[in-house]
Amino acid sequence: MRLQPPRTWHIIILTLIVALGVYIYTFAIPAGRISLARKTADNFHIVSVNADGLRYPFFGTAFHLHYDIGALTYDHFTLGDYFSLDDSPLVLVNETGEKGTLVIGISLKRGQLIDKPDGTLVNLYFKSDREADTVKDSTFSFSNTVFSTFDEKRVDVVGIVYQ
Amino acid sequence: MRKDRSGSFVEIANISNTNFTDSNNLIPNYTYRYQVITVKGTLESTPVNGQGVDTRGIKGDNTRSDRVDGRDLDNLARHYTLALADPNFDALIDTTYDGIIDGSDLIDIGANWATTY
């Protein structure tokens with residue numbers, strides 16, 4: 001059997017397959033996820049904000065986290081294990097004037113970059129005097145999400161899923 | 001007119017000569033969108049679009065000290081979560097020009113931390 005030279009339609013199909021692959025990698029597959037994990041301990045309802053499968057080095061993230069004020073009251077935060085002691089990132093967490101929205105910002109300083117796909121960014125501690133089921137069923141949602149990496153300057157990454 | 005934080009063009013000057021310098025709370029290295037409309041009597045031209053960037057200064061230097069440092073961080077923290085409608089909203093701190101002082105502005109401080117102009 002002799003190999004035939006590629007025909008035009010072979011090249012077109014191959015090009016389409018490659019283009020589809022690039023498209024899926026770039027747009028359909030998330031560049032990473034920021035998600036929430038919840039648990040109750042020591043009279044606190046603890047919400048951990050976790051990074052999962054980040055495809056870009058971390059420089060900073062910012063988001064608003066909306067929570068159910070009927071069930072929870074924000075108390076304080078601790079930095080997660082994604083950061084080492086040497087990182088000492090800039091962190092601001094505060095509620096808006098109207099309760100129920102936490103405005104959260106975490107940023108490394110120029111020259112720092114963390115190339116690690118997974119870990120807990122921050123733990124948020126809430127108090128509640130409600131029944132455990134009410135707390136468990138309360139909902140959280142993200143808005144104003146930003147994920148930044150750094151390449152000579154801040155570069156905001158599109159495609160990080162916050163859920 | 002200049003596009004404001006809500007995306008609308010707002011008149012910033014009404015002048016009779018052909019030169020104008022915008023120096024109204026500009027964020028360094030942010031690309032501002034402008035429209036120029038000429039007026040004669042009751043007649044108005046169609047708007048001409050343009051853009052401009054102030055390359056002086058450093059983004060994140062919200063205290064205008066020519067250095068991004070803890071004072072800028074302190075200033076951001078004092079105004080954190082304030083939105084455009086708030087009377088204490090400080091336009092120089094909202095370096096992302098999105099109408100709210102939040103974590104995204106913090107990233108601008110981190111990205112230029114300890115740099116000087």
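Chain B is divided into domain 1 (2-53) and domain 2 (70-111), with bounds that come from an automatic or database domain assignment. This is a predicted model, in which local features need pLDDT of at least 70, side-chain atom pairs count only at pLDDT 80 or more, and totals for chains, interfaces and linings use all residues. Residues are numbered from 1 along each chain as its sequence is written, while chains are lettered from A and ligands numbered from 1 in the order in which they are written.

**Domains of chain B**
- The C-alpha centres of domain 1 of chain B and domain 2 of chain B are 24 Å apart.
- Five residues of domain 1 of chain B contact seven residues of domain 2 of chain B; a contact requires that the C-beta atoms of two residues, placed from the backbone, lie within 7 Å.
- The side of domain 1 of chain B that touches domain 2 of chain B comprises two nonpolar, two polar and one charged residues. Ala, Val, Leu, Ile, Met, Phe, Trp, Tyr, Cys and Pro count as nonpolar, Asp, Glu, Lys and Arg as charged, and the others, Gly among them, as polar.

**Contact between chains A and B**
- Chain A contributes 21 residues to the contact and chain B contributes 17 residues.
- On the side of chain A that touches chain B, at least two residues each come from β3 (60-67), β5 (90-95), β6 (101-107) and β8 (140-150) of chain A. Strands are DSSP runs (E, at least two residues), numbered from the N terminus.
- β6(A) gives the most to this side, with five residues.
- By class, the side of chain A that touches chain B has ten nonpolar, seven polar and four charged residues.

**Confidence**
- Chain B has a mean pLDDT of 93, and 100% of its residues reach 70 or more; pLDDT is the predictor's confidence in each residue, from 0 to 100.
- The model has an ipTM of 0.86 and a pTM of 0.86.

Technical notes: Helices (H or I, at least four residues) and strands (E, at least two) are DSSP runs, numbered from the N terminus.
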